[in-house]
Structures are given as C-alpha cells and as structure tokens.
Amino acid sequence: MKIIPSRKEYQDRYAPGPMLGAVKTAAGIRNTFTFLHGVDGCTFAANQLRSGGPVVAGNYMAVEADGIQRSEVVLGNNEEMVTKLILREVKKQRTMPGLIFILTSCATSIIHEDLQMVADTVSRETGATVIPIDTGGYLGGFNYGSEQVWCAILQRYVPEAPASQ
C-alpha cells in the first residue's frame, strides 16, 4: 500500500467563538458585569480572559459563569436559577454595575431559555441595564460575538433614524 503524504501541515482547529469575542468586547466597557450561561467546558476559556488584557491594563473584568450540568441543559427551565445566580454575583461586586450582559454557550443557546425575562427581572432588582445576547459557538466566530455586543448597545442607546422622505 502506498502512503500518500498530506499536502498540508497539521493545523489546530480551535478557534475562539462568539462568547469569547463578546466577553473580550464587554471587558473594555467600564462598570459592566458579564454572566456566562453555559457548561463549564464552554465558559472556561472566557473566564481565563480575566487574567490578561483588561486586568493587566488596570480594569477589573467582572465575569461569572453558572457552569450548568448536563441534566440542566437537557431539562431546561433554568431561568429562576440563572436569575438568582446573577443577583447573588452582582451583589458581591464592589460597585453596582450599570450594564450587565448575559451570554450563552452552544448548549444553552440551543435550549432557548427566556433570558429576556431573566434580564427584565435582574434589571428591576438592580436598576442596571441588562442585555442578553445569544453567543452560541455555531452562530459564528470571535468577531461575531464582538459585533453582537456593539449591536446590542447601539440598539439600546442610539435612537433609530427617521425614515427619509
């Protein structure tokens, strides 16, 4: 049997997904808190961003994750748990954040929990603006996550231009 050599060298297929792009973008905005709704394996890399970049530059980057288990993904209906965890973690912060992001992983993106309801409840309890963003890895790459953060902020704070006549 003849062995056919590969034309390409091995390339690592790991690529940072939307959650990482969104976390890195949100980290550059002062007075924010980011909550990652996803399993530990998915939120691990985003949590590691705390050790470089913004922290080295002197900005504290508040990121917490729920690390939900397989059974919680399968059964869904985690809105109450997510709400309680976000409220608990926000209260631990030195200052109340003015803007809170709720980001999803692939698994939590697929089960379509009502994170807008969670956002509304957390906003009522804290007075902060809360923006849920779907950042499942199958939606795009790092830049897609960053784009979603900026689009969400612009939609929230920039008034829509009137239709031209």
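This is a short walk through a predicted model, from its overall layout to selected residues.

Start with the chain as a whole. The protein chain holds seven helices and four strands. Read from the N terminus, its elements run α-β-α-β-α-α-β-α-α-β-α. Of its 165 residues, 42% are buried. Contacts across the sequence are well represented. Among contacts with a separation of 6 or more, 78% link residues 24 or more positions apart.

Turn next to the sheet. Four strands make up an open sheet, and their order is β2-β1-β3-β4. The pairing is parallel. At the edges stand β2 (62-65) and β4 (129-133), each of which pairs on one side only. Neighbouring strands are turned against each other by 20° on average, direction ignored. Inside the sheet, strand β1 (residues 32-37) runs parallel to β3, and six bridges join the two.

Now step back to helix α1, residues 18-27. Nine of its 10 residues are buried, so the helix is largely enclosed by the rest of the structure. The buried ones are P18, M19, L20, G21, A22, V23, T25, A26 and A27.

The loop between α1 and β1 holds N31. Its backbone deserves a look. Most residues other than glycine have a negative phi. N31 has a positive phi of about 65°, although it is not a glycine. N31 is partly exposed, with a relative accessible area of 43%.

Two packed helices are described by the angle between their axes and the distance between the axes. For helix α4 (residues 79-91) and helix α6 (residues 115-126), the axes come within 10 Å and cross at roughly 35°. The crossing of α4 past α6 is right-handed. On the α4 side, the contact uses E79, V82, T83, I86, L87 and V90. On the α6 side, it uses M117, V118, T121, V122, E125 and T126. Sorted by class, this contact has seven nonpolar, three polar and two charged residues. An α-helix has 3.6 residues a turn, so residues three or four places apart point the same way.

Q93 counts as buried because its relative accessible area is 16%, below the cut-off of 20%. Q93 and F33 are 60 residues apart in sequence, yet their C-alpha atoms are 8.8 Å apart in space.

At the other end of β3 (99-104), S105 sits in the loop between that strand and α5 (106-110). S105 is buried, with a relative accessible area of 2%. What does S105 contact, leaving aside its neighbours within four places in sequence? The partners are M19, H37, G38, V39, C42 and G136. One of them, M19, is among the buried residues of α1. Another, H37, falls within β1, which spans residues 32-37.

Finish with the cysteines. The structure holds zero disulfides. C106 is partly exposed, with a relative accessible area of 31%. C151 is partly exposed too, at 32%.

Definitions and conventions:
Residues numbered from 1 in each chain as written. Predicted model: local features only at pLDDT ≥ 70, side-chain atom pairs only at ≥ 80, totals over all residues. Heavy atoms only, no water. Axes fitted to C-alpha atoms, helices over the stretch in contact; angles between N-to-C directions. Left-handed = near helix turned anticlockwise from the far one by under 90°. Contact = heavy atoms within 4.5 Å. Nonpolar A, V, L, I, M, F, W, Y, C, P; charged D, E, K, R; others polar. Buried < 20%, exposed > 50% of the residue type's maximum accessible area, 1.4 Å probe, protein only. Disulfide = S-S within 2.5 Å. Pairing = 2+ DSSP bridges.
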